[in-house]
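Let's walk through how to read a protein model, one feature at a time. Have a look at the picture first, and then we'll talk.

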Amino acid sequence: MEYAARRNQKGAFESFYKLIMRRNSVYVTFIIAGAFFGERAVDYGVHKLWERNNVGKRYEDISVLGQRPVEE
């Protein structure tokens with residue numbers, strides 16, 4: 001009885017399958033877009049973490065480096 005009641009309810013996987021995985025072209029596009037945006041998100045997060053951990057140690061943070069003497 002419980003199995004029959006559960007079978008009539010749509011699960012998250014079934015909805016995901018009908019929306020994304022039913023057609024191969026949509027599935028491949030979803031995978032490629034997910035990989036692209038996932039890579040961008042990880043790159044942004046690691047970059048911000050690196051900058052936060054290295055404040056004061058970066059080339060931009062050292063005021064003496066990269067400056068040329070002002071000629072008058």
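Q: How does Arg-58 count in terms of accessibility?
A: The general idea is a scale of relative accessible area: buried is under 20%, exposed is over 50%, and partly exposed is in between (1.4 Å probe, protein chains only). Arg-58 has 23% relative accessibility, so this residue counts as partly exposed.

Q: Before we go on, what kind of model is this?
A: This is a predicted model, where local features need pLDDT of at least 70, side-chain atom pairs count only at pLDDT 80 or more, and totals for chains, interfaces and linings use all residues. Residues are numbered from 1 along each chain as its sequence is written, and side-chain values use heavy atoms, leaving out hydrogens and water.

Q: Which residues does Arg-58 join in a network of salt bridges?
A: Side chains of opposite charge can pair when their charged atoms come close. The rule for a salt bridge is a side-chain nitrogen of Lys or Arg within 4 Å of a carboxyl oxygen of Asp or Glu. Arg-58 meets Glu-51 that way, at 3.7 Å from N to O. Shared partners then link Lys-48, Glu-51 and Arg-58 into one network. In the Lys-48 and Glu-51 bridge, the closest N and O atoms are 4.0 Å apart. Those two both sit in helix 3, three residues apart, about one turn of the helix. Glu-51 is partly exposed at 22%, and Lys-48 is partly exposed at 39%.

Q: How many salt bridges does the whole structure have?
A: Three. Another of them pairs Glu-14 with Lys-18, at 3.9 Å from N to O. Glu-14 and Lys-18 are four residues apart in helix 2, which puts about one helical turn between them.

Q: Which residues form the nonpolar patch?
A: Patches are made of residues with over 30% relative accessible area and no salt bridge: like charges are joined within 9 Å, nonpolar side chains (Val, Leu, Ile, Met, Phe, Trp, Tyr) within 5 Å. The patch here is Phe-13, Phe-16, Tyr-17, Tyr-27, Val-28, Phe-30, Ile-31 and Ile-32, with about 750 Å² of accessible area together (Shrake-Rupley method, 1.4 Å probe; for residues, only the protein chains shown count as cover). Helix 3 gives the most, with five residues.

Q: Which helix has the lowest mean pLDDT?
A: pLDDT is the predictor's confidence in each residue, from 0 to 100. Helix 1 (residues 2–8) has the lowest mean, 59, among the elements, and helix 3 the highest, 95. Where pLDDT is low, the predicted coordinates should not be read in detail.
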